[in-house]
Protein chains: 2
Amino acid sequence: MRRIVIALGGNALLRRGEIADARVQLDHIAQVAPGLAEVAGQWELVIVHGNGPQVGMLALERENDRALTATYPLDALVAETQGLLGYWLQQSITNAGLTGQIATVVTQTVVDAADPAFATPTKFIGRSYDANEAHGLAASHGWRVAADGDHWRRVVPSPGPVRVIESPIVEALLGLGVTVICAGGAGCAVTEHDGRLNGIEAVVDKDHVAALLADVLDADLLVILTDVPAVISGYGTPTAHPLGHVTVDEIITEHFAEGSMGPKVAAACHFAERTGRVAVIGALDDIAAVIAGTAGTRITSAAHSPTEDTHDVR
Amino acid sequence: MRRIVIALGGNALLRRGEIADARVQLDHIAQVAPGLAEVAGQWELVIVHGNGPQVGMLALERENDRALTATYPLDALVAETQGLLGYWLQQSITNAGLTGQIATVVTQTVVDAADPAFATPTKFIGRSYDANEAHGLAASHGWRVAADGDHWRRVVPSPGPVRVIESPIVEALLGLGVTVICAGGAGCAVTEHDGRLNGIEAVVDKDHVAALLADVLDADLLVILTDVPAVISGYGTPTAHPLGHVTVDEIITEHFAEGSMGPKVAAACHFAERTGRVAVIGALDDIAAVIAGTAGTRITSAAHSPTEDTHDVR
């Protein structure tokens, strides 16, 4: 059976400006679940989900907890979101008709403590605020904040993933026919020193971890699902147009927004370049067409012709 | 290799009255981890942990989150603690010298929606309060509260476990030599109707789930670790004495505290009676001796002689 890694945006579970009630997120997941259950019937499936809004909510709640003397580090909060969103996803995908087994594996992602990303936080987490609110929170909570479109949000360091500690377990479960949810929120960021793992204050990018996992697990296809139907070339300019099929060499020269489309394109390119296989970026709502190769932006290594790489005829 | 299920009290991770800071819990887990790593080298090991203090903390934080219109149901909060405590345990056990793989599997536990436990909440969660505080919180949050020793705490329904959805995955991982952390906080309570799973507002007892898992997984030994060295017969009376080896028939007539030693004894008896194998209740600090059969209270089925059941010579 062919193997697929799907990266699911945190926005698929909670959209900007929405109230983070459990019911709101469960309703979104119920929309996503049938498509994922169908994929799981045809592919060995790994699901990597985002957690930006959720980890931000937990961070704020924990900071406001007067019974504590210190808030929890981000690696711990990411672990909580892995439990929560993994549970909701596995239950909803089963309810949507998955006949096989599905498991959420709590995942640790090794990063390099010397990664320059620690000096320049870029990863948005949590709610949106207006500029005044954001700067107030930055002062009171020691946050770094940055503009995300019209609003402001907290930003945290996002070092690159070096290794996923639990990838052999994911591999073993896939081999047994189990659909695996893992590396939620990109996994808990840890450093590794003399075989010792230590949590570190960072949130890795989930698309980059999905690309790394797809490579390590020898996946046939990497699919990055988001809320837009395709990557837009020249975004915000008069020549803006959606990209269908592009090579890494063609797309790598263009600039995309940090913390938004930028990491998705970079992750897709990384996978395509390393493996010679196809990475697709497309809309969650088009999941079947994106996988079939008839929607989304397909990125292939320059060394491969489009025809060879059409993943629906592999 | 012999197979063991160890149930680890939530108090092993956070003691009564302690501040629930991450550092406090990580320090406790670092104390526990070497013993667990050693067991994992000798047995196929399943770890089931409690989460009373942690789920209580999350419930309170979520209720105080003004950005939400409703708090999260208990099944969702239990999922969060599975992620958090599973992450900390797997990392700490690796750091303590485990050479094999270890995985946390997010777990759902089926309960019967008609379980009479829903009418009579008995399971303590969260912090201790004095009587005034507790009754105030009961009024403002719609909680049920009950006395737990000298203090008061929130109580929630604790229906019996019917089935652990992910037990085949745990079985498969054990077969591959992976140490498994699962059913944390007894698993997320769900009801099952026409193959559909739905979260339900309850916290199952982790010792009962550990006993069910030990039975289903055909474990050789069930170990329930707590903060006292043995079960005390006649607790609080002049004839109080620790029990060494007892049969189910001998211990079943005695009354133990609900929400405390009661469920541990009942769970141990359930496993011993169903399987004819040994269940031990003992102190976390004595883990090696408890497993070796030289400490703790050993419970065996009446139908089996003590000699046959000495688990250290099995």
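A salt bridge is a side-chain nitrogen of Lys or Arg within 4 Å of a carboxyl oxygen of Asp or Glu. By that rule the structure holds 29 salt bridges over all chains. This is a predicted model, in which local features need pLDDT of at least 70 and side-chain atom pairs count only at pLDDT 80 or more, while totals for chains, interfaces and linings use all residues. Residues are numbered from 1 along each chain as its sequence is written, chains are lettered from A and ligands numbered from 1 in the order in which they are written, and side-chain values use heavy atoms, with hydrogens and water left out.

**Salt bridge within chain A**
- A:Glu171 pairs with A:Arg3 in a salt bridge whose closest N and O atoms are 2.9 Å apart.
- This pair links distant parts of the chain, 168 residues apart: A:Glu171 is in helix H5 (residues 167-175) and A:Arg3 in strand E1 (residues 3-8) of chain A.
- Helices (H or I, at least four residues) and strands (E, at least two) are DSSP runs, numbered from the N terminus.

**Interface of chain B and chain A**
- In contact (heavy atoms within 4.5 Å) are 52 residues of chain B and 52 residues of chain A.
- The two chains bury about 4000 Å² between them, 58% of it on carbon and sulfur atoms; buried area is the accessible area (1.4 Å probe) that two parts lose on being put together, summed over both.
- Between chain B and chain A the count is 2 salt bridges.
- A:Arg62 forms a salt bridge with B:Glu61, with the closest N and O atoms 2.8 Å apart.
- On the side of chain B that touches chain A, elements that each supply at least two residues include helix H1 (22-42), helix H2 (52-63) and strand E10 (188-193).
- H3(B) gives the most to that side, with 12 residues.

**Largest cavity**
- A cavity is a set of points, on a 1 Å grid over the protein atoms alone, where a 1.4 Å probe fits but cannot get out; lining residues have an atom within 4 Å of a point.
- The structure holds 1 cavity of 30 Å³ or more.
- The largest cavity has a volume of about 50 Å³, a volume being the space filled by probe spheres set on the points, which are joined across faces, edges and corners.
- Its lining residues include A:Gly56, A:Leu60, A:Trp143 and A:Arg154.
- E5(A) provides the largest share of the lining, 4 residues.

Notes:
On a 1 Å grid over the protein atoms alone, a cavity is a set of points where a 1.4 Å probe fits but cannot get out, and a pocket is an open set with protein on both sides within 12 Å along at least five of seven lines; lining residues have an atom within 4 Å of a point.
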